[in-house]
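Dear colleague,

I am passing on a structure that I have been going through, and I would be glad if you could look at it with the notes below beside you. The sequence and structure come first, and my findings follow.

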Amino acid sequence: MEAYKQEFIEFMVDSNVLKFGEFTLKSGRKSPFFMNAGAYVTGSQLKKLGEYYAKAIHDKYGDDFDVLFGPAYKGIPLSVVTAIAFSELYGKEIRYCSDRKEEKDHGADKGSFLGSNLKDGDRVVMIEDVTTSGKSMEETVPKVRGAADVEIVGLMVSLDRMEVGKGGVKCALEEVHDLYGFETNAIVTMEEVIEHLYNREYKGKVIIDDELKASIDAYYAQYGAR
């Protein structure tokens, strides 16, 4: 596993973004783990987060793209901090764009989008925190493709939960790939999280012990992608 992935897993834990216990998800599933990107709140956290996204995007997609698109609301800061990090790490100026939940009908920046306008020929990388069901892409992809004649290069999320999407067989990222035809990737997968943390002491504590591992295994027996 790449060093930046190991660092990112520990960063999620340190930032209280990745939690373990019992959580009821929006889908109604009861999960032994939960990821909340809204817990990244400080300047240093957001700076590091953008760098991890930039490294993963550069690793998977290179720098041959023009726009980072982050769906509202959590995707807005993600696209901004990653665009900054991409400039600093790789010297490439990438524009950011996000959609609005409510269209603005006044001012110089009225319309459905924040940041840069999408233009014909733009190559776009989508950026999200986590994709559990792929539902957000149902709303976002038509918006992006309807705004201009763009090519969506791929999607990058921070964590692949590796559980079935709406179809009940494949994981949500695979469903998005099959439905829309672009690549989907994550900075880390839950498999990598478990590999790195299981029965390993981190800052004086074993985060994933045998009992929690059993709960995670039981969850994946029910909801894991096949």
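Lys203 is placed in the loop between strand S9 and strand S10 (205-206), where helices (H or I, at least four residues) and strands (E, at least two) are DSSP runs numbered from the N terminus. The model is a predicted one, in which local features need pLDDT of at least 70 and side-chain atom pairs count only at pLDDT 80 or more, while totals for chains, interfaces and linings use all residues. Residues are numbered from 1 along each chain as its sequence is written, and side-chain values use heavy atoms, with hydrogens and water left out.

The phi of Lys203 is near 50 degrees, a positive value in a residue other than glycine. Lys203 counts as exposed because its relative accessibility is 65%; here buried means under 20% relative accessible area, exposed over 50%, and partly exposed in between, with a 1.4 Å probe and protein chains only. Asn199, which is not a glycine either, has a positive phi of about 50 degrees, and its place is in the loop between helix H6 (190-197) and strand S9 (201-202). With 46% relative accessibility, Asn199 counts as partly exposed. Most residues other than glycine have a negative phi, and most peptide bonds are trans.

Helix H6 is largely enclosed by the rest of the structure, because six of its eight residues are buried. The buried residues of H6 are Met190, Glu192, Val193, Ile194, His196 and Leu197, and they pack against H1, S1, S2, strand S7 (151-160), strand S8 (183-189) and helix H7 (210-223).

Strand S7 is likewise largely enclosed by the rest of the structure, since nine of its 10 residues are buried. Seven bridges join strand S6 (residues 123-130) to S7, and these two run parallel; strands are taken to pair if DSSP finds at least two bridges between them. Within this pairing, Val124 stands opposite Ile152 in S7. S7 is also joined to S8, by six bridges and again in parallel, and the bridge partner of Leu155 in S8 is Thr184.

**The hairpin and the helix pair**

Strand S1 (residues 18-24) and strand S2 (residues 30-35) run antiparallel and are joined by five bridges, with Thr24 standing opposite Lys30 in S2. The two strands form a hairpin with five residues between them, and Gly28 in the turn has a positive phi of about 95 degrees.

The axes of helix H1 (residues 3-14) and helix H2 (residues 43-61) come within 11 Å and cross at roughly 145 degrees, where axes are lines fitted to C-alpha atoms, for helices over the stretch in contact, and angles run from 0 to 180 degrees between N-to-C directions. On the H1 side the contact (heavy atoms within 4.5 Å) is made by Tyr4, Glu7, Phe8 and Phe11, and on the H2 side by Gln45, Lys48, Leu49, Tyr52, Lys55, Ala56 and Asp59.

A nonpolar core is here a set of buried Ala, Val, Leu, Ile, Met, Phe, Trp, Tyr and Cys residues joined through side-chain atoms within 4.5 Å. The largest has 48 residues, and those with the most contacts inside it are Phe8, Ile57, Ile187 and Val193; H2 gives the most to this core, with seven residues. Apart from it lies another core, of 20 residues, with Leu118, Leu155, Cys171 and Val176 among them.

Ile57, not counting residues up to four places away in sequence, touches Gly62, Phe65, Leu68, Thr82, Phe86, Val125, Ile127 and Met156.

Phe69, found in strand S3, is buried, with a relative accessible area of 0%. Phe69 and Val125 are 56 residues apart in sequence, yet 6.2 Å apart in space, C-alpha to C-alpha. Leaving aside neighbours within four places in sequence, the residues in contact with Phe69 include Cys97, Phe113, Val124, Val125, Ile127 and Val144.

With best wishes
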